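I opened the model to look up two things. My notes follow.

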Amino acid sequence: MSAYDLQINGQTYTIEAEREMPLLWVLRDLLGLTGTKFSCGAGLCGSCTVLIDDEPVRSCVTLVENATGKSITTIEGLSPDGSHPLQKAWIEERVTQCGYCQPGQIMNAAALLMKNPDPSDADIDKAMRDVLCRCGTYQRIRSAIHRAVQEA
Amino acid sequence: MKTNLNRRDFLKLTGLAGGGMVIAIYLEGCSPGTDAPTVILVTPDATVAPDATATPQPPFAWEADIYLKLDKQGILTFTAFRSEMGQGIRTALAMLAAEELNIPWSSVRIVQADADSRYGDQLTGGSTSIYSYYDAMRLAGAAAREVLLQAAALAWEVDPAQCSTEAGFVIHPDGAQKTSYGDLAEAAAKVGRPAQTQLKDPSQFTIVGTPLGHWDAPKMVTGQAVYGLDVRLPNMLFAAIARCPVFNGSFTSYDDAEARAIPGVKDVVELEDRIAVVAENSWAAIRGRDALKITWDEGTNGTTDSQEMMVQAKSNMRREKKGGLLEADYEMPYEAHATMEPMNCTAHFHDGVCEVWAPTQSPQDVKQAVSRVTGLLPSKIPVHVPLIGGGFGRRLQTDYAEEAALLSQAIAAPVQVVWTRSDDLQHDFYHPMSFQYAYIPLDKVAIPPIRVANGAGVPTGAWRSVQEFTRAYSEQSFIDEMALAMKRDLLDLRRELYQDDDRALGVINLAAEKSNWGESLPARQGRGMAYFATFGVTYVAHVAEVSVEENGNIRVDRVVCAVDCGSVVNPDNVAAQMQGGIAFGLTAALKAEATIKNGRVQQTNFHDYPILRMDEMPLVEVYIVPSNRRSSGIGEMGVPPIAPAVANAVYAATGKRIRHIPIRPKDLRA
């Protein structure tokens, strides 16, 4: 066990964990930040996506020791009040069904828009194809990303 | 808790079988099920129900007041009693009550009911919730509105029949004065049951029939929504469980030394045929579980082989002997549910009570199952239902809840049992594999008979649209094969087959029109149609447009969907469920299957159980047939026609008839 300082959503958290512990479980089980979701545990579905220094990463395969000294943003910290253009667009486009994958979808889309402020459908497909949704909300996710661009 | 016994703040209502109303008034600070000094005004029979022939009553007695609460701020709290797994039922049920109550949607809050037989059967499956409760929810809202009207009329000393309501207010007969529902809540609680309950004419609807997003969406997009895996209790432990990889197997021995040495692991506990590793966090529990060295007792299923099953089913199939037949065989594999939220459950056994937080489609079944395994009376097992990260039928089972309850009982601590993705894929209750034989005399125009043979030795269960997916696949594929053999136009033959069914014809014609059926497409592109009335209540026709590359890669470019589900509660949600049903069906049609070898499911994660991705999602257009008929279900109905529509489109594009799913690129290489 080692102590780690983590910068999450603008706050510093000090935790004790095994160095191989994935960030996902630090967030969910040690810090109670349950907005980041567990689904595949192997970096295959994107439900656990968070931003580390504005890059989208799969927190289920990111070791806690590799997340220290960096700025971590989870769905809880994307905006103080759900007012991020993507969050608003997700509501407007009525994207959510079960909603479980959507924090990962939104965080992955947020990273996309930081790099590419006006992505085409093809850009969106390429960036978002690794975040899985069993409910099949993809068409609306695409629309919501376009809407967020317009309303940002 | 402060309780002012003189203030009666909550008005609660419900419809009774036969159209009656019970109005119960609860004192502030009390809730149903406590020993609150409630006042019950009963009326079993007199209130007005809609035409009983048009509106079948739910098949149970409604006994208590459990749906609606109105507080003094005018906020309506609606208690949803069916499980939300993405199909939008919490929102839809509340819309119906709010509509008749005439309260703005922004004043509605939704909470989730525990397992409670007062709600009737809470089993959420078969796309039945709206079908069963459309009128009941309207009645509840209408009765509440009537009580508020009477309370206002009493205060104003006017005839309630001369008063009206509008967006959370009762309007005085003079048209000028008005009082808010919130201000009337206290007085309304003293009004007796309404002698009459007036339902709106549907033409007056302002909420029902409008496109609304799910009420839970704002919490979902901010990470605040609580799913089963998000339940957190003080001092809660986490557990992962080793289950025999062969169905119904057990273990003979195990070595847990390495597991116990992992930091954070607290205990290793035998649970009948399984072994649980309990830890301070999920990761330690999973690592500990994976570190167990177990000798399995495979039991009698250690040679189960799905490929062999298909061969057997084919050779055992009883075939027609006479000549002059068109015949075809179709093959469908086992399919997993692969909900994005893996199975899980949280239980807290204490003081002779086992409290359960189960992301389940059937909380009452969970209560019974936990009672069976723990020996507790059902009354000692409160079952709470968090949001569900995908159900699709998997969460009609109770295995995950039994594990959590048994484990909590064993360790006398609150515990969350976490399933990994491989646990979830390998210990599912699968959509059954099937070998299907269709035949018809070549001179006969009729829906073809189909014989279905399934495998054995594998747990199976409800999977979004259940046997309708199986039947629609072979039936609607074979109808295209019939048309080709009979040299008939594909659309004309379908019209003839369904000529006596207006609703079938309605969706078939609408889908054909909107998809430009008959217009030519470039080479290696094709259109395919399929139609199915899932559970006989909701009529759906899909036209799929596919492109097949030279290397066999299949892309579904577009799906035009026509749906007749009777009266529509939330048209946007109908469209969402059709889109979702199509995506779900496409995963089975083109991508994923569960195979079993040596008694073991071979797939472990999304790399070998691949579900549809964003760049594979077709553009889906949904057209809803306007209808005043009884509202039917939508959750499953988009699924069955999509696989045959794609198979038919692939034939149109390539001239190759593929009679199995998933259709793979290797099947189509030019």
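Sheet, chain B. I find 3 strands in an open sheet, ordered β4-β5-β6 (chain B), with mixed pairing. Strands here are DSSP E runs of at least two residues, helices are H or I runs of at least four, and both are numbered from the N terminus. Two strands pair if DSSP finds at least two bridges between them. I looked up the edges: β4 (68-70) and β6 (108-112) of chain B each pair on one side only. On average, neighbouring strands of this sheet are turned by 25 degrees against each other, direction ignored.

Model and numbering. This is a predicted model, in which local features need pLDDT of at least 70, side-chain atom pairs count only at pLDDT 80 or more, and totals for chains, interfaces and linings use all residues. Residues are numbered from 1 along each chain as its sequence is written, while chains are lettered from A and ligands numbered from 1 in the order written.

Next I checked β5 (residues 76-80) of chain B. β5(B) runs parallel to β6(B), joined by 5 bridges. B:Ala80 has B:Gln112 of β6(B) as its bridge partner.

Helix, chain A. Which residues of α2 (residues 85-92) of chain A are buried? I get A:Leu86, A:Gln87, A:Ala89 and A:Trp90. Buried means 20 or more other C-beta atoms within 10 Å of the residue's own, with C-beta atoms placed from the backbone. They lie on the same side of α2(A), because they cover an arc of only 165 degrees around the axis. The arc is taken from the directions from helix axis to C-beta atoms. Just after α2(A), I note a positive phi of about 50 degrees at A:Arg94.

Notes
Buried ≥ 20, exposed ≤ 12 C-beta atoms within 10 Å, placed from the backbone. Axes fitted to C-alpha atoms, helices over the stretch in contact; angles between N-to-C directions.
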